[in-house]
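Q: Could we go through this one together, starting from a single residue and working outwards?
A: Gladly; here it is.

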Amino acid sequence: QVRLVESGGGLVQAGESLRLSCAASGSIFSINAMGWYRQAPGKQRELVATITSGGTTNYADSVKGRFTISIDNAKNTMYLQMNSLKPEDTAAYYCQGNIFYLSILRNYWGQGTQVTVSS
């Protein structure tokens with residue numbers, strides 16, 4: 001099986017930074033793509049950013065210029081550098097991986113990490 005574990009969430013003030021990490025472990029043949037999603041209370045889960053194993057990135061308009069997604073293929077770890085945080089960035093952040101488990105391509109989710117930005 002494959003497991004995704006997020007870390008790095010916390011409570012910060014507006015304008016500050018955080019870096020989230022997502023480590024993939026288990027029977028990984030290769031990673032096709034990974035992404036970060038977030039869900040605020042009472043709202044639907046939304047895409048934050050995605051990255052392919054080749055480094056192609058995609059960002060939600062609300063985070064462009066402030067967040068940077070990256071991946072370390074050797075470590076099977078993805079990162080999200082979040083700068084200039086705003087109160088509206090407050091949410092549970094989830095890691096998603098499109099990963100080959102043995103020869104089968106599947107989507108996996110982490111358990112989430114809370115990011116709270118105070119004004």
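**A walk through the model**

A: This is a predicted model.

Q: Is A91 buried or exposed?
A: A91 is buried, since its relative accessible area is 2%, and the cut-off for buried is under 20%.

Q: And which strand does A91 belong to?
A: A91 has its place in strand β9.

Q: How far is A91 from S70 in space, C-alpha to C-alpha?
A: The two C-alpha atoms are 20 Å apart, while in sequence A91 and S70 are separated by 21 residues.

Q: Let's move to the core: how many residues does the largest nonpolar core have?
A: The largest nonpolar core has 33 residues, and the ones with the most contacts inside it are L4, W36, L80, M82 and Y93.

Q: Which strands each supply at least two residues of that core?
A: At least two residues come from each of β1 (2-7), β3 (18-26), β4 (28-39), β5 (46-52), β7 (67-72), β8 (77-82), β9 (91-101) and β11 (113-118). Of the strands, β9 gives the most to this core, with five residues.

Q: What is Y93 in contact with, if I ignore its neighbours within four places in sequence?
A: Y93 is in contact with E6, L20, W36, Y37, R38, V48, F67, L80, M82, G112, T113 and V115. W36, L80 and M82 are on that list, and they are also named with Y93 among the residues that have the most contacts inside the core.

Q: Switching to sheets, what is the strand order in the open sheet of four strands?
A: The order is β1-β3-β8-β7, and the pairing is antiparallel.

Q: Which strands stand at the edges there?
A: β1 and β7 do, and because each has a single partner strand, one side of each is left without a neighbour in the sheet. From one strand to the next, the twist averages 15°.

Q: Now the side chains: which ring does the charged end of R45 sit over at 3.8 Å from the centre?
A: That ring belongs to Y94. R45 also lies over the face of W109, at 4.8 Å from the ring centre.

Q: One last topic, backbone angles: what is phi of S84 near?
A: Phi of S84 is near 50°, a positive value in a residue other than glycine. S84 is found in the loop between β8 and β9, and with a relative accessibility of 39% it counts as partly exposed.

Q: And where is L102 found?
A: L102 is found in the loop between β9 and β10 (104-109), and its phi, near 55°, is also a positive value in a residue other than glycine.

Q: Does L102 count as buried or exposed?
A: L102 counts as exposed, because its relative accessibility is 52% and the cut-off for exposed is over 50%.

How values were computed: Residues are numbered from 1 along each chain as its sequence is written. This is a predicted model: local features need pLDDT of at least 70, side-chain atom pairs count only at pLDDT 80 or more; totals for chains, interfaces and linings use all residues. Side-chain values use heavy atoms; hydrogens and water are left out. A nonpolar core is a set of buried Ala, Val, Leu, Ile, Met, Phe, Trp, Tyr and Cys residues joined through side-chain atoms within 4.5 Å. Buried means under 20% relative accessible area, exposed over 50%, partly exposed in between (1.4 Å probe, protein chains only). Contact means heavy atoms within 4.5 Å. Two strands pair if DSSP finds at least two bridges between them. Axes are lines fitted to C-alpha atoms, for helices over the stretch in contact, and angles run from 0 to 180 degrees between N-to-C directions. A charge sits over a ring if NZ of Lys or CZ of Arg is within 6 Å of the ring centre and within 35 degrees of the ring normal.
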